[in-house]
Amino acid sequence: MESRTSASITSGKFEQREQKRRSLFSHTWKEFIPKVFEDVPQYYRSGNIVASLGLWELWVWQFINTIELRPGYQALDVCAGTNDVGIRLLQKQPDISVTAIDRSKEMQAEGQRRAAKYHVKIKSIVQDVHTLPFPDNSFDVITLQAASRHLQLDKVLPEILRVLKPGGHFYHCDMLKPSTPMVEWFYLRFLRMSVAWTALLFRSTEASRNCGEYFKDAIQHFYTPDELSEVFRLVGFAKVTCRTSIWGGMVGFHDSQKAG
Ligand SMILES: C[S@@+](CC[C@H](N)C(=O)[O-])C[C@H]1O[C@@H](n2cnc3c(N)ncnc32)[C@H](O)[C@@H]1O
């Protein structure tokens, strides 16, 4: 894994990029993405493993390894889906409390079923994450995995910063725009195909079968690891560091803090 620190985006560029993402994807985020996540909860994890040629588990394991937990911590998992992150946090440190927030009741229902299967308790809140229903300075740790491509970062990141305690950590992990055009070219084509074959294999609904093009476009208009570090700094996070995965910077693991 490689450490990155260099800056590459300004506040003007961030504003423009967010406007562009909103103009391209706001309809998809509102109408199409909820349909995709209605359909996938039961096979979400196995679907990810197939689509990533087995690398999903390595990615999640690497992410959880970056997270420092102490007994008594309050943790929030944003866009928690089927609670894959929350369950692993509790397995790593059972003496913490985990709250999950996601707008898909179907993903969270599966998440509660999985939490029961693993004998852990996770508080579930079903709502959109662009406004977080918590007081300022509530959480020691906030996680966000595999979802920021579907979000308006200029809205959700200030909310995450607001509800994080001073000194608390925000851990982010997602597929990012590769820094190298050649890697990006192969990656985007692979992504479109892998989403299509996974949807076929798991006999998904039309919404999931048709989301390959959006997944490709969402990455194309997203941030490189360095740009995302700079976005976090612009929003007000401190001590931002990023590691990229072994496969060409396509997955980034960011650790940021709220100044305390
Ligand atoms: C690819 S899944 C990731 C789930 C989980 N973080 C994981 O890594 O397994 C993306 C999740 O983001 C949620 N999501 C997308 N947009 C959202 C929004 N605006 N508000 C709340 N949840 C959202 C979806 O419902 C879905 O469960």
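Biologist: In which helix is the place of A115?
Modeller: In this predicted model, A115 belongs to helix α5, which covers residues 105–117.

Biologist: Why is A115 counted as buried?
Modeller: The cut-off for a buried residue is 20 or more other C-beta atoms within 10 Å. A115 has 22 C-beta neighbours inside 10 Å, and therefore counts as buried.

Biologist: Which residues does A115 touch, not counting those up to four places away in sequence?
Modeller: A115 touches N83, I87, V120, K121 and I122. I219, by comparison, stands 104 residues from A115 in sequence and 30 Å from it in space, C-alpha to C-alpha.

Biologist: What makes strand β6 mostly covered?
Modeller: Of the 12 residues of β6 (residues 164–175), nine are buried.

Biologist: How do you know that β5 and β6 pair?
Modeller: Pairing requires at least two bridges. Strand β5 (residues 139–145) is joined to β6 by six bridges, and the two run parallel. F139 has L164 in β6 as its bridge partner.

Biologist: In what sense do β6 and β8 pair, and over how many bridges?
Modeller: β6 pairs with strand β8 (residues 251–257) in the antiparallel sense, over seven bridges. The partner of F170 in β8 is S256.

Biologist: How many residues surround the ligand, and which are the closest?
Modeller: The ligand is surrounded by 20 residues, the closest being C79, G81, R103, S104 and A147. Helices α1 (11–39) and α4 (84–92) are the elements that contribute two or more residues to this shell. By class, the shell holds 10 nonpolar, six polar and four charged residues.

Key:
Residues are numbered from 1 along each chain as its sequence is written. This is a predicted model: local features need pLDDT of at least 70, side-chain atom pairs count only at pLDDT 80 or more; totals for chains, interfaces and linings use all residues. A residue is near a molecule or strand if its C-beta atom, placed from the backbone, lies within 6 Å of it. Helices (H or I, at least four residues) and strands (E, at least two) are DSSP runs, numbered from the N terminus. Ala, Val, Leu, Ile, Met, Phe, Trp, Tyr, Cys and Pro count as nonpolar, Asp, Glu, Lys and Arg as charged, and the others, Gly among them, as polar. Two residues are in contact if their C-beta atoms, placed from the backbone, lie within 7 Å.
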